[in-house]
Amino acid sequence: MKKSDSYLNTILEYAKLPPSQISFETFQGIIILTILDTKLFPRNSDLPVFIEKVFDLNLKDYVYASRTLIIARVIRKLEKLKKDEIHNLKVNFFEYFQALANINNKSDLSKWLKGLDGGNRNELL
């Protein structure tokens with residue numbers, strides 16, 4: 001297992017819980033640790049897609065130069081949201097990582113299958 005998989009697994013464990021059982025403060029902490037994790041997002045340039053897709057937040061290019069600045073902008077947006085909007089954001093956040101895990105699993109499976117037949121397998125997955 002890769003080191004990045006351990007934090008992804010932690011996120012996926014939280015995803016199993018109903019969003020109402022994850023406190024706002026815990027959710028903020030998960031977001032902060034996720035943005036700071038250089039295993040999940042090795043380069044700052046990997047973050048815009050995640051931020052735009054999950055938080056529906058378009059930030060200026062200079063903001064992506066600093067992960068702490070990104071966090072500040074995301075948390076500022078979170079503080080302005082209503083309870084039902086936070087619930088929807090939790091769902092979107094965890095669905096993003098569940099989809100990412102599914103893609104990684106399919107990718108690993110296709111690599112494994114390619115290895116079995118010497119790389120002659122057509123990509124079916």
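These are my notebook entries on a predicted model of one protein chain.

**Ground rules.** I number residues from 1 along each chain as its sequence is written, and side-chain values use heavy atoms, with hydrogens and water left out. Because the model is predicted, local features need pLDDT of at least 70 and side-chain atom pairs count only at pLDDT 80 or more, while totals for chains, interfaces and linings use all residues.

**Overall make-up.** I looked up the secondary structure and found five helices and zero strands. Helices here are DSSP runs of H or I with at least four residues, strands are runs of E with at least two, and numbering starts at the N terminus. Along the sequence the pattern reads α-α-α-α-α.

I then checked burial. The chain has 125 residues, and 34% of them count as buried. Buried means under 20% relative accessible area, exposed means over 50%, and partly exposed lies in between (1.4 Å probe, protein chains only). The exposed surface comes to about 8200 Å², with 53% of it supplied by carbon and sulfur atoms. Those areas come from the Shrake-Rupley method with a 1.4 Å probe.

Next came contacts, meaning heavy atoms within 4.5 Å. I took contacts between residues at least 6 apart in sequence; 57% of these join residues at least 24 apart.

**H2 against H3.** I looked up the packing of H2 and H3. Their axes lie 11 Å apart, and the angle is about 155°. That makes H2 roughly antiparallel to H3. My cut-offs: angles under 35 degrees are roughly parallel, over 145 roughly antiparallel, 65 to 115 roughly perpendicular, and the rest oblique. Axes are lines fitted to C-alpha atoms, for helices over the stretch in contact, with angles from 0 to 180 degrees between N-to-C directions. H2 contributes Ile-31, Thr-34 and Ile-35, and H3 contributes Leu-47, Phe-50, Ile-51 and Phe-55. By class I get six nonpolar, one polar and no charged residues. Nonpolar covers Ala, Val, Leu, Ile, Met, Phe, Trp, Tyr, Cys and Pro; charged covers Asp, Glu, Lys and Arg; the others, Gly among them, are polar.

**H3 against H4.** The axes of H3 (residues 47–55) and H4 (residues 67–80) come within 12 Å and cross at roughly 5°. H3 and H4 are therefore roughly parallel. Leu-47, Ile-51 and Phe-55 of H3 meet Arg-67, Ile-70, Val-74 and Lys-77 of H4. This contact has five nonpolar, no polar and two charged residues.

**Gln-28.** I placed Gln-28 in helix H2 (residues 24–36). Is Gln-28 buried or exposed? Gln-28 is buried, at 13% relative accessible area. Setting aside neighbours within four places in sequence, I find Gln-28 in contact with Ile-75, Leu-78 and Glu-79.

**Asp-56.** Asp-56 sits in the loop between H3 and H4. Its phi is near 50°, a positive value in a residue other than glycine. Most residues other than glycine have a negative phi. Asp-56 counts as exposed, at 61% relative accessibility.

**Salt bridges.** I searched for side-chain nitrogens of Lys or Arg within 4 Å of a carboxyl oxygen of Asp or Glu. The structure holds two such salt bridges. Lys-16 and Glu-13 pair at 3.0 Å, N to O. Lys-16 is exposed at 63% relative accessibility, and Glu-13 is partly exposed at 47%. Asp-46 pairs with Arg-43, the closest N and O atoms being 3.2 Å apart. Asp-46 is partly exposed at 22%, whereas Arg-43 is exposed at 52%.
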